[in-house]
Every structure is written in structure tokens, then in C-alpha cells.
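Here's a quick briefing for anyone meeting this structure for the first time. Take a look at the model below, then read on.

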Amino acid sequence: KTTNIVMLLDTAVTKVELVAKEKEQQLNKLYNKDADIRANVDRDRFEQVILNVLSNSIKYTNEGGRIDVDVFEQDGNARIVVQDNGIGISEEALPRIFERFYRVDKARSRAMGGTGLGLAITRKIVLLHNGVIKVKSEEGEGTTFTVRIPLKYMEQSK
Ligand code: ATP
Ligand code: MG
């Protein structure tokens, strides 16, 4: 059984739209809603992946910022791209953000709420789907997360 990744993404975007609106952020959907990119995913878990990345972008982008969301098919993979023009992540911190409980700015993060588990869980789920999650960031400029999962995913004994 396969899931339309575009629909799954669009539903997740809808769920966070209000939060972005409250911060007067532009949440741009670059994808074509009618596209159909199918993959074999655990729907609830994969939605959690998308929601974690999306809510981070909203959380770590200032009022009036911009978040671009896209999904497309490439080389037998579905690629989800979430790009923000938020606070960004320093070069030193970047390799550590997928660690459990790691947060770049302890004081600020505490004030914002959360645990620092979001990306650790996200990465685990992506790996369970034989996928890859990548991040590019420039402090003060913004951050781009890319989640790639194979469209034809064979069930494996893990
Ligand atoms: P939680 O997700 O558990 O509520 P969290 O958001 O702090 O808490 P993660 O989602 O694991 O934890 O992210 C780890 C850290 O990576 C964050 O604390 C933040 O410093 C940094 N980070 C994640 N996404 C972004 C982003 N889009 N822009 C800037 N920094 C980010
Ligand atoms: Mg988070």
C-alpha cells in the first residue's frame, strides 16, 4: 500500500499554517497540489517527520520570515524540501543537531519550549524508511532541510 506524499505533505502544511500566520510568516507551497508521488511509508510516522521539520522552521524563523515548502520526484526518490530564512545554525552546531537533547542555544531553546528530541526522532524515522535527511544552514541567513525517501521501498527485517 502506497501513500501520496504530496497529499501527506499538504495536510501537514495545513496543520501548521495558523502558527506561521500568527508569526506573520509566509508559508509558500511551491509544489503542485495535484501531483501524485507515491511511496510506501508509515503514514503517522512520516507525517511526524514533516511536522517536526516544518515546526522547527516556524519556530526558528523570526516574525515576518519566509518558509518555502516543496516536494518533487527525482531519481526514484521523493524529495521534500523545507527552506526558511530564519536564524540559521552555526557551523559548529550543525553536525550535532540530530543528537538527542541537543539544542543550539540552551537558554533561548528553554524559553521556547521543547526537548531537543524532535530531529533525533525525525532522523530515526527517515532511516527506517531507507531515506536520508540533510541540512544546509548559514547563521543569520536560514536553513534548508531535505528529506529523501525511495519511492519503491522494500520491507526489510530490521
Ligand atoms: P523539540 O523538537 O523536541 O520540541 P527542538 O526544536 O529544540 O525541540 P530539534 O527539533 O531536535 O529540537 O532541533 C534541535 C536544534 O536544532 C534546535 O534546538 C535548534 O537549535 C536547531 N534547529 C532545528 N531546526 C532549525 C531551523 N529550521 N533553524 C534554525 N535552527 C534549527
Ligand atoms: Mg523541534
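Helices H2, H3 (106–112) and H4, along with strand E7, each put at least two residues into the lining of the largest pocket. Keep in mind that this is a predicted model.

**The largest pocket**
- Its volume comes to about 460 Å³.
- There are 25 residues lining the largest pocket, and Asn56, Lys59, Tyr60, Tyr102 and Leu119 sit nearest its centre.
- By type, the lining splits into eleven polar, nine nonpolar and five charged residues.

**The largest nonpolar core**
- This core holds 40 residues, and Ile5, Phe46, Val69, Ile80 and Ile97 have the most contacts inside it.
- At least two core residues come from each of these: helices H1 (5–22), H2 (43–59) and H4 (118–128), plus strands E4 (66–74), E5 (77–84), E6 (132–138) and E7 (142–150).
- H1 gives the most to the core, with eight residues.
- Setting aside neighbours within four places in sequence, Ile5 is in contact with Ile37, Ala39, Val41, Phe46, Val71, Ala78, Ile80 and Ile149.

**A serine in H2**
- Ser57 has its place in helix H2.
- Is Ser57 buried or exposed? Ser57 counts as buried because its relative accessibility is 1%, and the cut-off for buried is under 20%.
- Not counting residues up to four places away in sequence, Ser57 touches Ile67, Val82 and Asp84.

Key: Residues are numbered from 1 along each chain as its sequence is written. Chains are lettered from A and ligands numbered from 1 in the order in which they are written. This is a predicted model: local features need pLDDT of at least 70, side-chain atom pairs count only at pLDDT 80 or more; totals for chains, interfaces and linings use all residues. Side-chain values use heavy atoms; hydrogens and water are left out. A nonpolar core is a set of buried Ala, Val, Leu, Ile, Met, Phe, Trp, Tyr and Cys residues joined through side-chain atoms within 4.5 Å. Buried means under 20% relative accessible area, exposed over 50%, partly exposed in between (1.4 Å probe, protein chains only). Helices (H or I, at least four residues) and strands (E, at least two) are DSSP runs, numbered from the N terminus. Contact means heavy atoms within 4.5 Å. On a 1 Å grid over the protein atoms alone, a cavity is a set of points where a 1.4 Å probe fits but cannot get out, and a pocket is an open set with protein on both sides within 12 Å along at least five of seven lines; lining residues have an atom within 4 Å of a point. Grid points are joined across faces, edges and corners, and a volume is the space filled by probe spheres set on the points. Ala, Val, Leu, Ile, Met, Phe, Trp, Tyr, Cys and Pro count as nonpolar, Asp, Glu, Lys and Arg as charged, and the others, Gly among them, as polar.
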